[in-house]
Amino acid sequence: MSENAPRVEIETTLGTITLELFAEDTPVTVENFLAYVKSGHYVNTIFHRVIPGFMIQGGGLTSDMSPKPTLPPIRNEAANGGSNRRGTIAMARTGVIDSATCQFFINTVDNDFLDHQDNSPRGFGYCVFGQVVEGMDVVDKIEKLSTSSKAGHDDVPVETVTIIRAARVD
């Protein structure tokens with residue numbers, strides 16, 4: 001995207017994923033994500049939801065499936081025109097439009113149906129705020145893991161994938 005775009009390395013137990021963030025298009029979301037990175041929030045969180053042919057999700061739960069404390073939810077910037085294409089990172093949220101906090105997902109295929117369609121809770125979409133620039137092979141490895149149910153959550157990888165480090169590298 002931009003020469004001055006912030007970059008973040010997410011080191012996992014399966015390898016490192018490098019992200020380039022879309023600070024100009026999604027300033028609120030990028031500032032929020034970088035605040036979690038800077039505070040060390042993502043360290044020892046896991047990729048707790050993995051659905052092959054869709055996405056991998058992480059950033060909010062520890063290996064015992066306990067949620068980490070979060071900052072207040074942010075405004076959803078999905079109407080910025082970004083698209084949930086393979087290799088992009090977006091904010092996870094509940095059915096409430098402006099409910100994203102710390103959890104994110106990386107699209108493993110083009111998921112255009114998650115893009116902003118309209119201003120309804122269902123059609124608002126999920127904010128794309130960056131893209132993988134290195135380590136898509138790591139994302140693909142995570143996507144291929146066997147999953148099970150754990151502590152009331154479905155699609156949890158049987159092999160725990162932990163975030164060891166998340167740091168800004170630009």
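Visitor: What is the volume of the largest pocket?

Guide: In this predicted model, the largest pocket has a volume of about 150 Å³, and its lining, which includes Arg93, Phe113, Asp115 and Tyr126, divides into 4 nonpolar, 5 polar and 3 charged residues.

Visitor: What makes the pair of Phe33 and Phe104 edge-to-face?

Guide: The ring centres of Phe33 and Phe104 lie 5.9 Å apart, and rings pair if their centres lie within 6.5 Å. The angle between the planes is 90°, and planes over 60 degrees apart count as edge-to-face, so the pair takes that label. Because Phe33 lies in helix H1 and Phe104 in strand S6, the pair ties together parts that are 71 residues apart in sequence.

Visitor: Why is the pair of Phe33 and Phe129 called tilted?

Guide: With 5.0 Å centre to centre, Phe33 and Phe129 have 55° between their planes; stacked requires under 30 degrees and edge-to-face over 60, so the pair falls under tilted. This pair links helix H1 with strand S7, 96 residues apart.

Visitor: How do you know whether Phe129 is buried or exposed?

Guide: Phe129 has 0% relative accessibility, and buried means under 20%, so Phe129 counts as buried.

Visitor: What makes Arg93 a charge over the ring of Tyr126?

Guide: Arg93 lies over the face of Tyr126 at 4.5 Å from the ring centre, which meets the distance limit of within 6 Å. Arg93 and Tyr126 are also among the residues that line the largest cavity.

Terms used. Residues numbered from 1 in each chain as written. Predicted model: local features only at pLDDT ≥ 70, side-chain atom pairs only at ≥ 80, totals over all residues. Heavy atoms only, no water. 1 Å grid on protein atoms, 1.4 Å probe; cavity = no way out; pocket = protein on both sides within 12 Å on 5 of 7 lines; lining within 4 Å. Points joined across faces, edges and corners; volume = space filled by probe spheres on them. Nonpolar A, V, L, I, M, F, W, Y, C, P; charged D, E, K, R; others polar. Phe/Tyr/Trp six-rings, centres within 6.5 Å; stacked < 30°, edge-to-face > 60°. Helix = DSSP H or I, 4+ residues; strand = E, 2+ residues; numbered from the N terminus. Buried < 20%, exposed > 50% of the residue type's maximum accessible area, 1.4 Å probe, protein only. Lys NZ or Arg CZ within 6 Å of the ring centre and 35° of its normal.
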